[in-house]
Amino acid sequence: MKACIFGGKVQNKNINRHDNLNRVGLNNGNMLFWHSLNSILDSELKTLGECLSASFDGSQYNSYITTDLIWIREGATFPVVNKQLEIAGDKPLIPISIGLQTATFKNDFKLHSETVALLAKLQERAVLGVRGSYTAEILNKYNIKNIEIIGCPSMYLPFDYNFQITKRTVDLKNVAVNLRSLYSKLDYKEIKFLVYSANHKFSFVEQTAHPLSREICVDMPTFDYLIKWLNDYKLMFFDIEDWKSFMSTVDFSMGCRFHGNVIALWEKKPALFVTIDSRTKELCNHFSLPTISLKDFDEEKDIQYYYDLADYTEFNKNYSSRLHEFIIFLKKNKLIISKNCNQYYDKKILELEKKLEKGNN
């Protein structure tokens with residue numbers, strides 16, 4: 001039987017921006033998360049509302065998947081996940097990419113007692129997937145140990161052991177940039193990054209509901225300059241194929257948005273991940289992705305400098321191992337890989353299946 005993924009409905013061009021943002025949890029990066037899981041697994045994507053309706057038939061699913069624990073702040077609780085657990089009943093509710101949200105790798109990160117109790121319930125029936133080693137270390141301190149480090153599922157499309165990013169000599173005329181949600185005052189480096197992008201007329205790929213406002217800028221002239229650039233070069237996508245099509249035209253992607261850069265990788269375009277917190281840094285460390293801290297961004301450097309920093313040597317060396325670990329996680333949770341991915345069922349996967357079968361006997 002297939003799995004049910006709790007997620008949003010996406011890729012509807014016939015509704016307005018506001019409604020589309022609500023559909024994707026106010027961040028269109030979630031589309032890549034859900035799309036990746038739904039593509040890799042024999043599964044169906046369902047909203048919580050659909051699963052709570054009287055007509056919902058859960059007998060067709062052998063397990064449920066939640067993606068609502070990817071952003072755990074200190075002291076946070078998750079009533080939605082508790083509701084999902086009720087819907088799952090006696091079947092596993094498998095969290096994918098549990099991640100802690102903090103500015104630095106804080107050793108004394110404090111989980112709410114209700115969240116610890118929830119994770120303890122979840123680990124009784126499933127192996128929990130976590131984003132990276134930092135999250136794993138903190139969860140272990142709370143005796144949450146039935147876990148595997150898997151990163152983010154968006155990194156496993158295409159489902160191919162031989163996936164590589166090969167850089168080439170390019171003119172770097174078409175560059176896409178991205179930044180965090182524009183909900184609070186921009187600091188000095190963030191302003192410099194945006195002004196640098198505007199000076200070079202880079203495309204700005206937006207992902208959330210917060211437009212640039214005067215209140216978060218340093219002064220009116222800067223705001224006016226950036227707004228003029230954004231009005232001409234800002235894009236936002238609610239259709240994955242449209243987003244991919246655009247990214248196929250760029251030479252390079254750079255910015256703080258993990259999924260905004262991942263979709264560039266899907267199109268075999270290099271990306272430099274600009275880190276501002278532990279959440280993105282943890283993911284990049286797991287996949288050996290090239291990073292630079294925003295505090296080290298230098299507006300005096302040309303774009304070729306940043307392109308050269310995007311070194312994919314370690315990523316290419318380690319990617320097949322990361323995919324292999326992810327497949328082990330899926331198998332441990334008895335999640336069925338989609339027939340669309342069968343073309344990548346190579347010798348390595350067959351060896352893995354035999355090893356797991358031997359371990360279960």
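In which handedness of crossing does H7 pass H8? I looked this up first in the model, which is a predicted one, and found that H7 passes H8 in a left-handed crossing.

**Helix pair.** I noted that helix H7 (residues 188-199) and helix H8 (residues 220-233) pack with their axes 10 Å apart and at an angle of about 50°, which makes H7 oblique to H8. On the H7 side I listed Ile-191, Leu-194, Val-195, Ser-197, Ala-198 and Asn-199 as making the contact, and on the H8 side Thr-222, Tyr-225, Leu-226 and Trp-229. Sorting the residues of this contact, I got seven nonpolar, three polar and no charged.

**Strand E11.** I then turned to E11 (residues 271-275), where five of the five residues are buried, so the strand is largely enclosed by the rest of the structure. I checked each face in turn: Ala-271, Phe-273 and Thr-275 are buried on one side, and Leu-272 and Val-274 are buried on the other. E11 pairs with strand E10 (residues 252-255) in the parallel sense over three bridges, and I found Leu-272 of E11 to be the bridge partner of Met-254.

**Backbone notes.** Most residues other than glycine have a negative phi, and most peptide bonds are trans. I therefore wrote down Lys-201, in the loop between H7 and strand E8, with a positive phi of about 55°, and recorded that Lys-201 counts as exposed at 51% relative accessibility. Lys-268, in the loop between helix H10 and E11, has a positive phi near 65° and counts as partly exposed at 43% relative accessibility.

How values were computed
Residues numbered from 1 in each chain as written. Predicted model: local features only at pLDDT ≥ 70, side-chain atom pairs only at ≥ 80, totals over all residues. Heavy atoms only, no water. Axes fitted to C-alpha atoms, helices over the stretch in contact; angles between N-to-C directions. Helix = DSSP H or I, 4+ residues; strand = E, 2+ residues; numbered from the N terminus. Parallel < 35°, antiparallel > 145°, perpendicular 65-115°, else oblique. Left-handed = near helix turned anticlockwise from the far one by under 90°. Contact = heavy atoms within 4.5 Å. Nonpolar A, V, L, I, M, F, W, Y, C, P; charged D, E, K, R; others polar. Buried < 20%, exposed > 50% of the residue type's maximum accessible area, 1.4 Å probe, protein only. Pairing = 2+ DSSP bridges.
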